[in-house]
Amino acid sequence: MARRYFWSNTISILILAVLLLLSFVPVFMMLSMSIKDSLMIELDFWSPPIPPVWSNYSRALSDLVFPAIRTLSVAIVSIIGITAISCIAAYTFARLQFFGKEFLFYLVIFIFLVPGVLTLTPSFVLATQLNLRDSLSGLVIFYIGGGQVFAIFLLRAFFQSQPEEMFEAARIDGAGELRALWSIAIPLARPILITIGIMNFLGIYNDLIWPLLMLNSRDLQTLTLALQNYSPANEKMPGRPDLGAIMAGYAFSSVPTLIVFAFGMKYYIEGLTSGAIKQ
Amino acid sequence: MATTVKDQPIRSTLLTSRWVLFGALALLVSLNATYFLLLRPPGNTVESKPALRDTRVLQAVALPSQRCVVLTSANHLVMFSTGNVLNDKAVPDSLSALTVSPDGQRIAAGTTDNQVIIWDDQLNEVTRYKVGGRVTDLRIDDGGQAAVAYGIGQYTGRFFVGRFDLSGKQLFKKQVGADVNAIEVDGQNIYYAPVNGKLLALAPDGKRRWEIPLNAAGLVIRKTAAGNLLTGDERGSVFLVNPEGRVLWSRRLSEYNIRMVAETSSDGHIVVGDDDGKLFVLNGADGMTVFQSAGNPGSARGLVSADASSLTMFTSEGHWLTLNLAGALGAQRQGTVDTIMLGIELLLGVTALSALVATVPHWRATAVHTGRRLRDSRKAYLMLLPAFSLIIIFNYIPTAMGLYYSFTNFNLAEPLKFVGFNNFVKLSRDDFFWAGIGNMILILITSVAKELIVPLIVAELVFWLRNARLKYWTRTAFIVPSIVPGLVGIMLWKTIYNAHSGLLNQLLQTAGLGYLQHAWLGDEKTALWAIIFAGFPWIGTFAFLIYMGGLLNINRELFDSAAIDGTNPWSRFWNIDMPLIRPQLRLILFFAFLGSVQGYAGVWIFTQGGPGSATYVPGLQMFLQTARGEYGYAASIGLVLAMVVLAVTVARFRFNQTPGEA
C-alpha cells in the first residue's frame, strides 16, 4: 500500500517538475538573453550568457523608464480614484437606508451584463467628443469610470459583513457617515481593498488596446505601447533589432508586477482560493 | 372631536386643489382649441404622393398648362397633366439628360450613344442628330439652338461644350478639360460645371469669360429671372453667381449631392433638394434658410409646377412632393408659437397632475410620504452622486451610444445617418467577419481545453502531494511565471517563434530537424496554431488557484471515507473531486469563453490578424474598424459579439438557478 503511494507521489512530483520547467522556459529565455551580447544571440544562440552583459539593462532602462513612470502614475492615480469613489458608494449601499436603494443598486450591477466589446467603440467616440484623447488624464478618467462597478460590488458585500454595532456606537459618539467610513469601515476592509488594488493594477498595467486607441503622441506612450514596438537598432548587426536590450526591457517591465505580487500575493491567493469568488 | 378639528384644514386644501385642477384643465382645453382652430396652419407643409412605381426618376421638367414630363431610369418619358399620366413613351435609346425649350414647345434629351433627340410637346419625335460623344447635359435657348455638354470615355480629356442649331449643324465646339456635369445657357452665353469643382462661363464666340471655384463638383445650374446663376454641388453647397462671375452668396446646406435648385416664380425664394431627401427654402436675396424639411421620399429631381401658394416637385423615388409656401415661409414664426404652446401646456399639465394628486387623500398622503422619503435620503444620494455620475457617463452612455451607432453609418467620411440593419446585412456578407468567426470558434474550443484541463491536472497533482511544505512551494512556484506581464508573455512567445533567432527554430536546428523550420507566425497555415500553442504548457494561474480553492473546500471526511473504502485516486477523482468542484469548472469555462470572444489583444500583438485573414477574429476586426474611423460598422460587430456573450451569460445564470444544481 505505502509502496503504491510512494510511486504515485513520485510520478506526481516528476510530472509537476516537468510542467514547472516548461512553464519557466520563456522566463529563463528572457533572463539569459537579457544578459547576452546581441551579436552572440544571433550567431550562437545556445552560448551561455558568460560574462553577463549588463549594458543591455542600462540601454533598456534609458529607453523605457519614462513610459514606465507614466504607466505607474496612471495606475496609481486611477486606483486611488477608483477606491475612493467606490468606497463611498459601497458604504452608502451597505450602511444607509434610503429611498430607491434596491433600484439604484440594480442600476449598478446591471452593467455587469454589458460586455466590454459593446462599449469599446462608443467609449472611443465619447473620448473624442469629451476631448479626452491623447492625454494621460483622459486615460485615468476612463479607468476610474470603468473600475467603479466591480469595486462597488465587492466592497458593498464586504462592508455589509461588518457588524452594525460598531457603526451604531460611532454614530452615538457623534461621528458622521464619512467619519465612520474612514475610521471604521476602511481600515477593516484592507484585504479587499488590496485585492481591488491588485486587480486594477494588473488590468491597467497590462492594458494595451485602450492606450493604443487613446494616445497618439510619442511622448505620452505608456509602457505597454513602448514595449509592443520596442526594437532598438543592433549596432553590431545593421538591420536587426538589439535582442539583448529588448529582453532586458521585458525583464525590467516585469519588476513592478513582481513587487506587487511579492506584497499582495497573500491576499491574491487567499482571495481566489478561499472561494470568495466562486460564482 | 379631535378628528374633525384636524380634518378642517385638510378639507379646505382639498377644495382648493379641486378648483386648481378644474381651472388648469379648463385652461388646457381652451388653449388647445384656440391653437388648433386659429394658430395652426391647415395641412402639412410638405406632402408627398406616389406617382410612379417600380422605377427611379432621373429628371423632371415642367411644361406649360399644368403639364410636366419625367425621365425614368428605364428610359421612359412620362408626361403628366394635372397629376395624371397623359403619355408614357418608351424610348429605345439610353437617355442621359432631359430639358425643355423656354417656350415649352420642344422637349430635348441627350443619349449615351452620342445623340440629341428632340420631341414636340406631344412627345412626337421631331428630329435627332449626332454629337461627338456621350451627352451629359443640354439646354435649348430662346432661338431653339441647343447647348450640349458631351464627351468620350473617362480618362481621355476629350470633353466638349458645343452649340447646335435646329437641324443639328454644329455652330461651335470647345474642348474642356474635364467631364461636364451641368450646363446652362443665357442668350448667347454658356455656363458649365465640370467635375473638377469649378463653374465656368463661355462668351458667344466660345472664349472663356471667367471661372470660379465651387466647394465640389457642380451638379446643377439654373438661371434666375434676374439673370443670375444658381448652382448646387456634390457637397451640399448652393451658390448664387451674377453673370460677371461674382459670387453673390454661397450656403452650405447639407452633406449630400444637391440635385435640384429652382427659383419660385412668385416671390424670389429658392427651393433646393439634396440626395438625402431634404428640401430647403432659401431667401433669394441672401440665401438664408427659411424652411427645411427632411426625410422626404427620394431626392427632388425637378420643380414641375409652381403657383403663388404651392410648389410641386418630382422625386427620384417617383413621388410628387408638394410644398405649401405659406406654411414654409411661416415656419419660423410657427416654430416659436409651438415652443411657447408646449411650454404652457407642460406647465398646466404638471399643475393639473399635482392638483389631481392633492385631491385624492390617499394619493396625497403617498405623495407627501414619497417627498419626505426623498428629502430624508438626500445625504445618501449625495454620497452616491460621484459614483453614479461616473457609471452613467462611462458605462450607460457608451452602452446607449453603441446600440444606436450599430444602426447608423457613423464614420469619418459621411454624415451620420440611421441605416437600419444595413451594417448587419453588410456584416453577414463580410468574408473577413466569417473568417474571424471560424478562427474564433477554433480559439474557443482549444482555449476551453487548455484552460479547463491542464490547470485542473496540475491542481489535482499539487493538492494530493503528501508533503505540506512541498505542496506550498509547488503552488507558489507555479504562480511565479505569471509575474511576467501579459504583454511581455506574448512578446516572449513572439520571440520564440521568430524565424531567425527564435528558440523554436533554434531547437529544431539543434535537434537536426532543420527542415521543419518555419516562419511560424508568417505562414497562413501555421499562424493561428502558433497563437493557440503560445503559453505552453498553459498552466493558467487564475484557473489553477480557483481549482485549488475548490479542492480545499471539499470536506476532508469525504476523502477519508473514500480512503477507508479503498477507492483508488482515479475513481476518487471522478466521483468526489469532479462533482464537487463543478462550480469552479463552470466558472473557468465561462471565463475561457469570455476570453475567446472578447480577447483580441493577443492576436493583435502576434500578427495583427495576418497573414491575410489567417488569424482574424471579430473583436480584432472591431478594433481595427474603430481605429479606421468606421464607428457604425465597428459598433455593429460589437453588438453581435455582445449578444453572443449576453446569451451565454444569461444561460449561465439560469442554469445555475436550477434546483438541485450546486
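Mentor: The contact (heavy atoms within 4.5 Å) takes 87 residues from chain A and 95 residues from chain B. This is a predicted model: local features need pLDDT of at least 70, side-chain atom pairs count only at pLDDT 80 or more, and totals for chains, interfaces and linings use all residues. Residues are numbered from 1 along each chain as its sequence is written, chains are lettered from A in the order in which they are written, and side-chain values use heavy atoms, without hydrogens and water.

Trainee: What makes A:R95 and A:E164 a salt bridge?

Mentor: The closest N and O atoms of A:R95 and A:E164 are 2.6 Å apart. The definition asks for a side-chain nitrogen of Lys or Arg within 4 Å of a carboxyl oxygen of Asp or Glu, so the pair qualifies. A:R95 lies in helix α3 (residues 55–95) and A:E164 in helix α7 (residues 164–172) of chain A, so the pair ties together parts 69 residues apart in sequence. Helices here are DSSP runs (H or I, at least four residues), as are strands (E, at least two), numbered from the N terminus.

Trainee: Why is A:R95 called buried?

Mentor: Its relative accessible area is 10%. Buried means under 20%, exposed over 50%, partly exposed in between (1.4 Å probe, protein chains only). So A:R95 is buried, while A:E164, at 31%, is partly exposed.

Trainee: How do you know that B:D93 and B:R128 form a salt bridge?

Mentor: Their N to O distance is 3.2 Å. That is within the 4 Å limit, so the pair counts. B:D93 is buried at 9%. B:R128 is partly exposed at 32%.

Trainee: And why is B:N296 called buried?

Mentor: B:N296 has 13% relative accessibility, so it counts as buried. This residue sits in the loop between β25 (289–293) and β26 (300–306) of chain B.

Trainee: What makes the pairing of B:N296 with B:S293 a polar contact?

Mentor: The two side chains meet at 3.0 Å. A polar contact is a pair of N or O atoms within 3.5 Å; within protein, one must be able to donate a hydrogen and the other to accept it, and residues adjacent in sequence count only if both atoms are side-chain atoms.
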